[in-house]
Number of protein chains: 2
Amino acid sequence: MSGGHLRIGLDIGGTKTDAVLIDDEDAIRHRVRSATSWGPAGVIDTAVRAVEELTELSGAGAADIVSVGVGVPGQVGEGGAVRHAVNLGVEDLDLATILRERTGHPVVVENDVKAAALGAARILGATGSFVYLNLGTGVAAGHVLDGRLHRGRRGTAGEVGHIAVDPEGHACRCGQRGCIETLAGGAYVAERWGQVSDYPVLAVFDAADRGDELALRIRDGIARGVACALTVLTLSVDPDRLVVGGGVTALGERLVEAVRLELRTSAAGSDFLASLDLASGIDLLPRALPAAAFGAAIVADREGADVH
Amino acid sequence: MSGGHLRIGLDIGGTKTDAVLIDDEDAIRHRVRSATSWGPAGVIDTAVRAVEELTELSGAGAADIVSVGVGVPGQVGEGGAVRHAVNLGVEDLDLATILRERTGHPVVVENDVKAAALGAARILGATGSFVYLNLGTGVAAGHVLDGRLHRGRRGTAGEVGHIAVDPEGHACRCGQRGCIETLAGGAYVAERWGQVSDYPVLAVFDAADRGDELALRIRDGIARGVACALTVLTLSVDPDRLVVGGGVTALGERLVEAVRLELRTSAAGSDFLASLDLASGIDLLPRALPAAAFGAAIVADREGADVH
């Protein structure tokens, strides 16, 4: 198999890297997953190996690969440099330039939540305004307007995790207090739970089901944080469609139920909130969809993009 | 003078009605202001008189007036019906239908903040994403995307006044506690100030300057509410341009200074907030611009609008 306009998309996460190769009709031809190696050199090696593996699987020549898009959990500068990707062990890395040199392909780097928003919008066929709310280590959303990423003037569109909703709330690493992320972000949940666990949020929900008081408080906080994020997005952007994804949504219906309860409790005291009817419309992105990797693959298509 | 595509726009406020007549090049040919009469019959009479006065001033025939747009401080239903416009003494009024019958012109009704957002965007030549934050009796924003109003799926885009930022805050008429509007909304300021005044927000600022403790607390709350609204809009929409208007902005630089101080204090404790640099970019809409009336006049141009 060969020919055509093949694009590769990588979603480099703190523990795993998801990679897809898509054809000129946006169909996913191949998907590979691997463990992410730590630090700048590890991230680059992980990315190079994924590109090589997908190319080999496709049977295509290097010339058929028109672009490589990469989603990373961190800030992405103009030239595709990655900053403050703490979960990758990367403080500052000129990922686009190095990956272009190592693979020979044009490379575009994007924040992983923004890539996932773009990918989810395309996969779901969303039109008009679309928001993807990611519940992972942190809490952030991505906007897509008529199929194009809306980053905003400062690039902070969708950074709802750092909206402060309680002056007496927990201290946030951003320097504020009571940010939504301190309630529902996976890293804060793990920190407050304190026990070693591969899936702290799951452990919290399990312990809460057994009546553990700390776990109940943390679970209520998660529900409140997610409810706040949904409310804020509805009272600011009010997108045509809002979809929730990210690691924390592996809890599935257990998370949805907890958030729904929180939203219904708030709505019981407020006709205004009741009129929004947020509780009945919580829409989880199916976990099997490689939204971020797919989104990374199509991010390079963007009009006027600098492809490095 | 006659001929062409003349449009009328009315901004019906709680005390005053601002009305403009614009030509086919969007130039304002005439502007008249009048007191708003109370209640459903009063609102209709006010609107009819304004239309008649502008028509007479223009010297045009009734056939040259292609549309009348009306901005009102309340909820606007699909067919141009107005609900819960408490400042007009209107609970439910089929304004579009009645005004069409009384004037013979097609009529479109829009929420006044949304009309002002559209008008401000056009007057300022805003491209991309534009947000107008209105500080009036209530607190609300309007979005304009590429020259078109973005209302959102539920019509709640920009309703940032009812984002709750303090669980221990003041009770809001919406049923929540600690809404941004309970800090910075003119009606709440007047209620907490308690003294009879034509311009309670001005009275509060004057008393605060004299060291009055209640006034200082209220003024700090106003600054915090506006700072919260600006922060929320930046961390959700992050528009290309954000402009602040509304009655409370009559305070001008005194308001801007108070908000700037609040933003700088928060930023001093948070590198993240500091990086947004909101304090240096507070952009007030010039008070003399008839943004809402002009916006009402062009709201009828919207693609696919139902003109009644």
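View 1. A search of the whole structure, a predicted model, finds 0 disulfides over all chains, a disulfide being a pair of cysteine sulfur atoms within 2.5 Å. Cys172(A) is in no disulfide, and its nearest cysteine sulfur, that of Cys174(A), lies 3.7 Å away. Cys172(A) has 7% relative accessibility and therefore counts as buried (buried means under 20% relative accessible area, exposed over 50%, partly exposed in between, with a 1.4 Å probe and protein chains only). In chain B, the sulfur of Cys174(B) is 3.7 Å from the closest cysteine sulfur, in Cys179(B), which is too far for a bond. Cys174(B) also counts as buried, at 7% relative accessibility.

Residues are numbered from 1 along each chain as its sequence is written, and chains are lettered from A and ligands numbered from 1 in the order in which they are written. Local features need pLDDT of at least 70, side-chain atom pairs count only at pLDDT 80 or more, totals for chains, interfaces and linings use all residues, and side-chain values use heavy atoms, with hydrogens and water left out.

**View 2. An open sheet in chain B.** The sheet has 3 strands in the order β5-β6-β7 (chain B), with antiparallel pairing (strands are DSSP runs of E, at least two residues, and helices are runs of H or I, at least four, numbered from the N terminus). β5 (75-76) and β7 (90-93) of chain B stand at the edges with a single partner strand each, so one side of each has no neighbour in the sheet. β5(B) pairs with β6 (residues 82-85) of chain B in the antiparallel sense over 2 bridges; two strands pair if DSSP finds at least two bridges between them. Gln75(B) stands opposite Arg83(B) in β6(B).

**View 3. Packing of α6(A) and α8(A).** Helix α6 (residues 200-209) and helix α8 (residues 253-268) of chain A pack at an angle of about 65°, with axes 11 Å apart (axes are lines fitted to C-alpha atoms, for helices over the stretch in contact, and angles run from 0 to 180 degrees between N-to-C directions). Leu202(A), Phe205(A), Asp206(A) and Asp209(A) in α6(A) meet Arg254(A), Leu255(A) and Ala258(A) in α8(A), where contact means heavy atoms within 4.5 Å.

**View 4. Helix α10 of chain A.** In α10 (residues 291-299) of chain A, 9 of the 9 residues are buried, so the helix is largely enclosed by the rest of the structure. Phe294(A), Ile298(A) and Val299(A) are among them.

**View 5. A loop residue in chain B.** Ala63(B) is in the loop between α1 (39-58) and β4 (65-72) of chain B. Ala63(B) counts as exposed, at 76% relative accessibility.
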